[in-house]
Amino acid sequence: MDKNNQAINLSSSFAKGADMSSKEKEILNDIVSKTKFKPEEVIWRSSYWGTNQIGAVHYRGKFGRRAAVLKIQGVKPEISEIYMIGKFEKQNRSKIIRPPKLFYTLPWSDGIGYEALIMEWVAGPKVLESKKLQTQENIKTFFKIYQEYRSNCLPEKPWLPRPEKSSLDKVLQSLIKTSQKAYPNDQRRKSEDKELAQRAYDLLEKIYQKVPLEFIQGHFSVEDLIRQDDQVVLFSNLFWKWRFPFFDAVFGYHWFMFELCHVSGVTPLQIEAQREIWLSEILSLPWVKESQKRLILAKAALLERAVAGMIIDSFLSDPTKPIATYLTESCRDQTRKLIAELT
């Protein structure tokens with residue numbers, strides 16, 4: 001078992017100025033010379049909250065005769081994603097969900113300053129598409145996959161040690177500090193946000209006092225579940241970590257809502273109709289319905305995400321879009337609503 005309890009701390013890395021962008025071309029050339037991977041196009045650069053600090057980059061291309069994706073991890077993780085994928089694959093019991101197949105890997109070394117994974121190109125559709133209004137049936141399908149993951153992908157023996165619980169107040173202060181660094185002049189921020197967030201976190205401190213952390217895939221999003229024939233490939237395996245209950249149940253909903261800013265002419269009424277479907281499905285999950293205590297924990301997970309949305313995550317939505325301000329305000333509304341329900 002690894003002595004570290006998570007592979008990467010995004011807030012900490014961002015605060016330290018982690019950024020691979022200046023060395024990306026040099027790294028790519030080194031990988032091509034070592035592996036003969038033939039890059040064709042960039043498909044994704046992982047930035048810290050939409051800033052120009054880049055932590056990783058994905059290239060589509062060819063590895064031999066096979067279509068492949070190269071992921072360059074340019075900011076040193078505490079734990080290798082190669083290791084994480086191997087551990088997930090070894091303990092996975094699902095016949096439906098699996099990690100991506102790795103064709104070739106270059107583990108991190110300080111000498112080369114990167115880690116590289118050449119993996120299969122997964123060409124199917126996402127289980128649920130973001131950036132578009134979705135039907136209840138499609139969101140139900142997403143949660144069927146979620147239930148399969150909960151039943152058969154979570155390891156019986158976590159491969160990372162359980163950490164001590166962090167002070168939630170420290171977590172909140174770090175969130176606020178990160179927001180100020182990433183978006184120093186964002187007009188969507190309000191002076192009363194800190195006080196509202198503090199009220200929420202004081203409540204979460206009480207709720208979580210005797211609640212144990214769970215080992216989960218902490219990035220279970222609509223962007224990370226892609227179909228390959230009759231299977232679903234789960235990506236972002238760097239983010240297996242310990243979290244409070246139901247974090248993985250609400251994570252997909254949390255980020256899906258902000259991506260609705262890309263829907264042309266989307267209205268607040270449509271946003272709230274989508275929210276209603278998501279919340280209905282989350283609160284209908286069998287684990288939530290087990291008891292009143294579990295319902296409280298599900299709403300606590302929603303509250304934690306609402307605060308994150310209000311403080312920083314909603315700022316990723318393009319501020320020139322008419323709906324962007326509403327998305328931030330809706331996080332405030334959800335924070336107030338959930339505080340009232342949980343108090």
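The following dialogue explains how to read several features of a predicted model.

Colleague: How many helices and strands does the protein chain have?

Modeller: Helices (H or I, at least four residues) and strands (E, at least two) are DSSP runs, numbered from the N terminus. In this protein chain there are 10 helices and 10 strands. The radius of gyration is taken over C-alpha atoms, and the globule rule is 2.2 Å times the number of residues to the power 0.38. The protein chain has a radius of gyration of 20 Å, close to the 20 Å that the rule gives for 343 residues, so it is as compact as a globular protein of that length. Along the principal axes, its C-alpha atoms fill a box of roughly 60 × 45 × 45 Å.

Colleague: What percentage of the residues count as buried?

Modeller: Buried means under 20% relative accessible area, exposed over 50%, and partly exposed in between (1.4 Å probe, protein chains only). Of the 343 residues of the protein chain, 52% count as buried.

Colleague: Where does Tyr253 lie, and which side chain is joined to that of Tyr253 by a polar contact?

Modeller: A polar contact is a pair of N or O atoms within 3.5 Å; within protein, one must be able to donate a hydrogen and the other to accept it, and residues adjacent in sequence count only if both atoms are side-chain atoms. Tyr253 lies in helix 7 (residues 247-259) and, at 7% relative accessibility, counts as buried. The side chains of Tyr253 and Arg275 are joined by a polar contact of 2.9 Å. Leaving aside neighbours within four places in sequence, the residues in contact with Tyr253 are Arg275, Trp278, Leu279, Ile282, Leu302 and Gln334. Tyr253 and Leu279 are 26 residues apart in sequence, and their C-alpha atoms are 8.3 Å apart in space.

Colleague: At what angle do helix 7 and helix 8 pack?

Modeller: Two packed helices are described by the angle between their axes and the distance between the axes. Axes are lines fitted to C-alpha atoms, for helices over the stretch in contact, and angles run from 0 to 180 degrees between N-to-C directions. Helix 7 and helix 8 (residues 268-283) pack at about 175°, with their axes 10 Å apart. Angles under 35 degrees count as roughly parallel, over 145 as roughly antiparallel, 65 to 115 as roughly perpendicular and the rest as oblique. The two helices are therefore roughly antiparallel to each other.

Colleague: Which residues meet between helix 7 and helix 8?

Modeller: From helix 7, Ala249, Val250, Gly252, Tyr253, Phe256 and Met257 meet Ile271, Gln274, Arg275, Trp278, Leu279 and Ile282 of helix 8. By class, this contact has 9 nonpolar, 2 polar and 1 charged residues. Here Ala, Val, Leu, Ile, Met, Phe, Trp, Tyr, Cys and Pro count as nonpolar, Asp, Glu, Lys and Arg as charged, and the others, Gly among them, as polar.

Colleague: Is Lys36 buried or exposed?

Modeller: Lys36 is exposed, because its relative accessible area is 59%. Lys36 is in the loop between helix 2 and strand 1 (38-47), and has a positive phi of about 70° although it is not a glycine.

Colleague: Where is Ser236 found, and what is its phi?

Modeller: Ser236 is found in the loop between strand 9 and strand 10. Its phi is positive, about 55°, although Ser236 is not a glycine. At 18% relative accessibility, Ser236 counts as buried. Asn237 lies in the loop between strand 9 (231-234) and strand 10 (240-243), and counts as buried at 0% relative accessibility.

Key
Residues are numbered from 1 along each chain as its sequence is written. This is a predicted model: local features need pLDDT of at least 70, side-chain atom pairs count only at pLDDT 80 or more; totals for chains, interfaces and linings use all residues. Side-chain values use heavy atoms; hydrogens and water are left out. Contact means heavy atoms within 4.5 Å.
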